[in-house]
Amino acid sequence: RWPPLAAAGRRWPPKGRGTLARSTEAPERRATARAARPGWCTAGVRGLARRTGAAGLVYAYHSTRVTRAHPVPSQQMDALAPLRATRTAAAGARGRASRRAHGRRCVAAARATERVPIAVTGWVDFACPWCYVGHRSLLQAVARAEATMPVSFDFVWRPHFVDDSIAAAGERREAYHGRAFGGESWTYALRARGKSVGARFGDWQWYANTRDAHRLLMWARQRATGEASAALASALFDAAYERGANLSDPGVLLAVAREIPALDAAEAEALLNSQRLSSEVAAESRGFTALPPMESADGAGGGGGGAEGNELPFYVVVAAGADETRAAEALGADMASGGRKGALGLSGAQDVDAWLGAFDRALQLGRA
């Protein structure tokens, strides 16, 4: 029941008469009737009625025309004022509470989408097929983590040589496998594992001497952005294992460098025609065996460097804390000087789930 008509015992609108038809009444009366629809504020009805000269009158719905019905005294209209005030205050309180709750949800969503930077430093060799498998697994894990976790990534690739005895011009894969392993039967498991992460080994022909490749990658790390050096590392792996390239050839390295828009081809050529950065590459390679013990990705201790028996590829994962940005480029010096709290070590070609667990663990340590 509509409150002004409750005393009269009448329904509003009358049963079966819920539509307002065109009326021949004066415009001011039709306007007053429209304002008196259920749900409109009674004060608005009263004010409009006063402006049209029909104070204290409420108009009802009828099937054919609008007619005057049920005069409402001004005293009864005034009696509704406390109810109107109470309802208005309640509606205002609900609106304020709703806005505050919406603000809290917005803040929570913004905080949830704040990305914590995770630095990944990897010791790899482009003559190491397991490093290629580990690299492809890492890329898949990073893509999944960026889509499901509030993280971003910085990468630094550091050199280590899987075999110093490889000839300067490189060696054919079959000949090297025969000399080093007595055959290629062990590669069946390698190819099966690589296929699961997109490392197809479509055209793998060479075991390269990778000193020049590491010099090129170090130069890219120093001269370009982290994205450019990461793109160069991926391009070098792809050239070696999917396109049959011999990374011992400076011409091949220069062609790969030209594929990266952010790298200056002239500077890359000048580097490859010199011996610049050779001593720095050798020093960083030796630093791999001097890595101190650190927590492994599964939460256990003992995840140290090469001196602890770990193998290539070897990765160090560390997330930024709330009060500190742990830059990936500075990680090498920190490791050499005794390690860093919150650094995780991963040895070997990890699968995607292991990487995601490491990222989650690093995120927890970074927030601690």
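This is a predicted model: local features need pLDDT of at least 70, side-chain atom pairs count only at pLDDT 80 or more; totals for chains, interfaces and linings use all residues.

User: Fine. How many helices and strands are there in the protein chain?

Analyst: The chain has 15 helices and 9 strands. Those are DSSP runs numbered from the N terminus: H or I with at least four residues for helices, E with at least two for strands.

User: And how much of it is buried?

Analyst: Of the 368 residues in the protein chain, 43% are buried. Buried means under 20% relative accessible area, exposed is over 50%, and partly exposed is in between (1.4 Å probe, protein chains only). As for contacts (heavy atoms within 4.5 Å), take those in the chain with a separation of 6 or more: 74% of them link residues 24 or more positions apart.

User: OK, helix packing. How do α6 and α15 cross?

Analyst: Helix α6 covers residues 129–148 and helix α15 covers 352–367; their axes come within 9 Å and cross at roughly 55°. That angle makes α6 oblique to α15. The classes go like this: under 35 degrees is roughly parallel, over 145 roughly antiparallel, 65 to 115 roughly perpendicular, and the rest oblique. The axes are lines fitted to C-alpha atoms, for helices over the stretch in contact, with angles from 0 to 180 degrees between N-to-C directions.

User: Which residues make that contact?

Analyst: From α6 you get G134, S137, L138, Q140, A141, V142, R144 and A145, and from α15 V352, D353, W355, L356 and F359. By type, the contact has 8 nonpolar, 3 polar and 2 charged residues. Here Ala, Val, Leu, Ile, Met, Phe, Trp, Tyr, Cys and Pro count as nonpolar, Asp, Glu, Lys and Arg as charged, and the others, Gly among them, as polar.

User: Now α9 and α11: parallel or antiparallel?

Analyst: Roughly parallel to each other. The axes of α9 (residues 211–223) and α11 (residues 250–258) come within 10 Å and cross at roughly 30°. D212, A213 and L216 of α9 meet P250, L253 and A257 of α11. That contact divides into 5 nonpolar, no polar and 1 charged.

User: What else sits in α9? I was eyeing H214.

Analyst: H214 lies in helix α9, and it is buried, with a relative accessible area of 4%. Beyond residues up to four places away in sequence, H214 touches V124, D125, F126, P159, H160, F161 and V281.

User: Is L312 buried or exposed, and what does it touch?

Analyst: L312 is buried, at a relative accessible area of 12%. Leaving aside neighbours within four places in sequence, L312 is in contact with W123, V124, D125, C128, C131, H160, V162, F288 and G348.

User: Which residues other than glycine have a positive phi?

Analyst: F201 is one of them, with phi about 55°. F201 lies in the loop between α8 (187–196) and β6 (206–207), and is buried at a relative accessible area of 3%. L277 is another, with phi near 70°. L277 sits in the loop between α12 (265–272) and α13 (278–288) and is buried at 9%.

User: Last one: what about D154?

Analyst: D154 is found in strand β4 (residues 151–159) and counts as partly exposed at 39% relative accessibility. The C-alpha atoms of D154 and V120, 34 residues apart along the chain, are separated by 6.1 Å.

Key. Residues are numbered from 1 along each chain as its sequence is written. Side-chain values use heavy atoms; hydrogens and water are left out.
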